[in-house]
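Hi,

Here's the structure I promised to pass on.

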Amino acid sequence: MKAIIINEFGPIQNLQLADLPIPTINDNEVLIKVSAISVNPVDLKTREGKGTAGNIKEWPVILGWDVSGEVVESSSSQFKKGDEVFGMVNFPGHGKAYADYVAAKADHLALKPANISHDEAAAACLAALTAWQNVTEHYKVKEGDKVLIHAGSGGVGHYAIQMAKYLGAYVVATSSAENKRFVIGLGADEHIDYKAVLFEDEVSDVDFVLNTQSAEIAERSLTVVKQGGTIISIASAVNDELKEKAKAKGIKISQTMVKSSGKDMKQLADLLDKGIIRSQVAELFALEDMQKAHASLATGRTVGKIVVKP
Ligand SMILES: NC(=O)c1ccc[n+]([C@@H]2O[C@H](COP(=O)([O-])OP(=O)(O)OC[C@H]3O[C@@H](n4cnc5c(N)ncnc54)[C@H](OP(=O)(O)O)[C@@H]3O)[C@@H](O)[C@H]2O)c1
């Protein structure tokens, strides 16, 4: 089968096309013939030896976690041959998604809704799970909450806006002016152009901040959250100094990490099926062009998700 591998951590040029044996499956796993893969910033970080690189025990590395495709072999009672499935496979372990075939734990997958494409389904894995686990588990968004989402136009942010609206929140989201129409179209009540103004001058009394950006933005967010409110940072560490500053203001702050979950994938499938959330696919690349996909995501300007097709 075709796969994109790296033989050592490093730059984009390390991503190479290879011909590898089709993986075999263990108990309670399925073999997926992949129709679409999505690429996330953690793929780039891991390629560079950061991200989840510490969990890698086997070389060459096949990066990637998000797949959508058809079950061609199953040792699980959950899925049978011919089922169309999607999911974030084995995160934060070695996902091996950049390939024609992927062996996946049945517990990490859900049936793909019939009304969405494999491209849209592959997009709605790691980024959508991150958004969902943060708005329903790590913090439970409730009716009437005021929610601030940094980078509402990004992979995580565009799902988080739709989910927070569905859960009844008043949603404020940041992006550049170029993406204002997109962010408002997803349901955000207010847009803040982070390039033109300081968000802390524009918003206050926030119940929950989803910080997809730096520790500096987490710290600045302390000034907009009400006492008893919550900040979750997904892209930057929350150090002791920041924790102390938050505590002094009566604000809860933490860093979270997404986890593979078939149960959560089934909830995403339901939201996608009902049209409550949708995937924005910014760009499509062929598997052979994975270097271009990484280069595009590395710009930090992606609107929604980048999808790759074997
Ligand atoms: N801990 C976890 O479980 C977890 C899970 C998923 C992702 N993450 C991390 O979260 C981060 C975001 O991931 P992602 O997939 O959403 O990234 P992404 O899709 O690459 O984000 C791109 C978007 O960010 C916007 N943006 C860039 N700088 C911004 C700023 N200063 N303020 C507001 N918006 C800004 C851009 O909009 P403009 O072009 O309009 O600026 C663009 O639309 C990454 O670092 C990723 O590794 C962590």
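An oxygen atom of the ligand sits 2.7 Å from a backbone N or O atom of Val258, which falls under polar contacts (pairs of N or O atoms within 3.5 Å; within protein, one must be able to donate a hydrogen and the other to accept it, and residues adjacent in sequence count only if both atoms are side-chain atoms). The protein buries 88% of the 940 Å² that the ligand exposes when taken alone (accessible areas by the Shrake-Rupley method with a 1.4 Å probe; for residues, only the protein chains shown count as cover).

Before you go further: this is a predicted model, where local features need pLDDT of at least 70 and side-chain atom pairs count only at pLDDT 80 or more, while totals for chains, interfaces and linings use all residues. Residues are numbered from 1 along each chain as its sequence is written, and side-chain values use heavy atoms, leaving out hydrogens and water.

Back to the ligand: 27 residues surround it, with Lys45 and Tyr194 among the closest (a heavy atom within 4 Å). A side-chain N or O atom of Asn179 is 2.8 Å from a ligand oxygen, and a polar backbone atom of Ile234 is 2.8 Å from a ligand nitrogen.

As for the domains, the assignment (automatic or from a database) gives domain 1 (2-124 + 279-309) and domain 2 (127-255). Their C-alpha centres are 28 Å apart.

Cheers
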